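Visitor: I'd like to learn how to read a structure like this one. Could you take me through a few features?

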Amino acid sequence: MTSDATQLNPASTQPGGPAARAAVVTGASTGIGEATVRALAAEGWRVYAVARRAERLERLAAETGGVPVAADIAEDDDVARLLAVVEDGGGIDTLVNIAGGARGRDWVADAQTDDWEWMLRVNVLGTMKITRAFLPMLRAHGEGTVLNLTSTAGISAYEGGGGYNAAKYAEHGMTQALRLEEAEHNVRVVEVLPGLVKTEEFALRRLGGDAEAAEKVYAGVEKPLTAEDVADVVRYAVSVPHHVNLDEIVIRPVAQAATHKLIRRG
Ligand code: 8X3
């Protein structure tokens, strides 16, 4: 880490030791985002936990020692406020973009415009806005990292996935462009693409709160990935020496050899 980095992050500098790492993690109120906040905090990172739901963030922050910031990453004013909080707190070297999600399983023939707009807004525009806002800080740090959590839905389409596929393919393409653009600024860009992950809310939200339908998504799959499995990979990818860029990491459960090949037993 550079001496500039030490100055950017004075709050967490140990006397005589290297500066602690610092990250913004979005989507922090639940699932992979929440697990990532826990994983990084456990390793001594200073973590700004960002999501819309303040109450859940407060609880997580109290448990992990992180800094809660209630914000909608697709709202320019919220992003500006978040940036100011982070600047006041000493800055970050890593931006972990996890906020996102799916709405609906409709085929294109029955596409719900509201669902598509929501998915494009959160997964694509939100990720772009927060990344755009933090890039000057990450470049100035000298060894910045952006990690975008996309999905295997961003490299492999499926029936009923159209809106989510469109959003995640877009986020995947944006991430590839970003890596090309930022290399000369020594900002590494990592993409983690999970397949089937069983979390508290992903399928439930996608299926409009229908708990039975959400449970069927994982029916008979002995070991789907957990939020902690993915968070551990995220933590690893942002912790390896900065010149090591794990460009694209596809992570699926063994039972899902491909998007269309899911082993269900029983
Ligand atoms: C989640 C993976 O298969 O539900 O991002 O699209 S999938």
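Guide: Happy to. Let's begin with contact, which means heavy atoms within 4.5 Å. Ala-237 touches Leu-147, Arg-188, Val-190, Leu-246 and Ile-249, leaving aside residues up to four places away in sequence. A word on the source: this is a predicted model, where local features need pLDDT of at least 70, side-chain atom pairs count only at pLDDT 80 or more, and totals for chains, interfaces and linings use all residues. Residues are numbered from 1 along each chain as its sequence is written, and side-chain values use heavy atoms, with hydrogens and water left out.

Visitor: Is Ala-237 buried or exposed?

Guide: Buried means under 20% relative accessible area, exposed over 50%, and partly exposed in between (1.4 Å probe, protein chains only). Ala-237 has a relative accessible area of 1%, so it counts as buried. Ala-237 lies in helix α9, residues 227–239; helices here are DSSP runs of H or I with at least four residues, strands are runs of E with at least two, and both are numbered from the N terminus.

Visitor: Which residues surround the ligand?

Guide: A residue is near a molecule if one of its heavy atoms lies within 4 Å of it. Here the ligand is surrounded by Ser-151, Ala-153, Tyr-158, Tyr-164, Gly-195, Phe-202 and Arg-206.

Visitor: What else does Ser-151 do here?

Guide: Ser-151 is in the loop between β5 (145–149) and α6 (162–182). A polar atom of its side chain lies 2.8 Å from the backbone nitrogen of Ala-153.

Visitor: How many aromatic pairs are there?

Guide: Rings of Phe, Tyr and Trp (its six-membered ring) pair if their centres lie within 6.5 Å; planes under 30 degrees apart count as stacked, over 60 as edge-to-face and the rest as tilted. That rule gives one aromatic pair. Tyr-164 and Phe-202 form it, tilted, at 5.8 Å centre to centre with 55° between the planes. Tyr-164 is in helix α6 and Phe-202 in helix α7 (residues 202–206), 38 residues apart.

Definitions and conventions
Polar contact = N/O pair within 3.5 Å; in protein donor to acceptor, adjacent residues only side chain to side chain.
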